[in-house]
Amino acid sequence: IAQVVASSSATFNQSIGSRPAVGSVVKLALAYAANDANSAVNGTVGTTDATVTLPPAASKLGIGLRADNNFPINGWLRQITYIPRRLTNAELQARTA
């Protein structure tokens, strides 16, 4: 799941779909800006959400679970990269292909 959360409420919420098979590798990328968020999973780009409200300042970065602490990751993170700009959908696709 990829989420942007403001005031304890998800303003962007995109699922990766069905649960990955045991031992599989999933590549996920999330990009967001005000009224412009999207994600890509394994080279497939989602639908851009043009209604995303961003919090005034980031106070938490959660990796491996949803903002409500449900559905924790059951696996390993191989790499995390933070890029301080909204990647294009093509860049999301390329990074996860």
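**Entry 1: Leu92**

I began with Leu92, which lies in helix 1 (residues 89-96). Helices here are DSSP runs of H or I with at least four residues, strands are E runs of at least two, and both are numbered from the N terminus. I noted that the model is predicted, that local features need pLDDT of at least 70 and side-chain atom pairs pLDDT 80 or more, and that totals for chains, interfaces and linings use all residues. Residues are numbered from 1 along each chain as its sequence is written, and side-chain values use heavy atoms, with hydrogens and water left out.

I listed the contacts of Leu92, leaving out residues up to four places away in sequence: Ala29, Leu30, Ala31, Asn38, Ser39, Ala40, Arg86 and Leu87. A contact means heavy atoms within 4.5 Å. I also recorded that Leu92 and Leu28, 64 residues apart in sequence, are 8.5 Å apart from C-alpha to C-alpha.

**Entry 2: The core**

I looked up the largest nonpolar core and found five residues: Ala29, Ala31, Ala40, Leu87 and Leu92. Such a core is a set of buried Ala, Val, Leu, Ile, Met, Phe, Trp, Tyr and Cys residues joined through side-chain atoms within 4.5 Å. With residues up to four places away in sequence not counted, Leu87 touches Ala31, Leu92 and Arg95. In soluble globular proteins, nonpolar side chains tend to be buried together.

**Entry 3: The sheet**

I read the pattern along the protein chain as β-β-β-β-β-α, that is, five strands and one helix. Three strands form an open sheet in the order 3-4-5, with antiparallel pairing. Its edge strands, strand 3 and strand 5, each pair on one side only. Two strands count as paired if DSSP finds at least two bridges between them.

Strand 3 (residues 28-33) is joined to strand 4 by six bridges, and Leu28 has Val41 as its bridge partner in strand 4. Two residues separate these strands in their hairpin, where Asn35 takes a positive phi near 55°.

Two antiparallel bridges pair strand 4 with strand 5, and Ala40 stands opposite Val45 in strand 5. This hairpin also has two residues between its strands, and Asn42 in the turn has a positive phi of about 50°.

I asked why strand 4 (residues 36-41) is largely enclosed by the rest of the structure. The reason is that five of its six residues are buried.

**Entry 4: The surface**

I turned to Leu61, in the loop between strand 5 (44-45) and helix 1. Leu61 is exposed because its relative accessible area is 72%.

Leu61, Ile63, Ile73, Leu77 and Ile80 form a nonpolar surface patch with about 510 Å² of accessible area together. Areas come from the Shrake-Rupley method with a 1.4 Å probe, and for residues only the protein chains shown count as cover.

For the protein chain, I noted an accessible surface of about 7100 Å², of which 53% belongs to carbon and sulfur atoms. Buried residues make up 20% of its 97 residues.

Note on methods: Buried means under 20% relative accessible area, exposed over 50%, partly exposed in between (1.4 Å probe, protein chains only). Patches are made of residues with over 30% relative accessible area and no salt bridge: like charges are joined within 9 Å, nonpolar side chains (Val, Leu, Ile, Met, Phe, Trp, Tyr) within 5 Å. A salt bridge is a side-chain nitrogen of Lys or Arg within 4 Å of a carboxyl oxygen of Asp or Glu.
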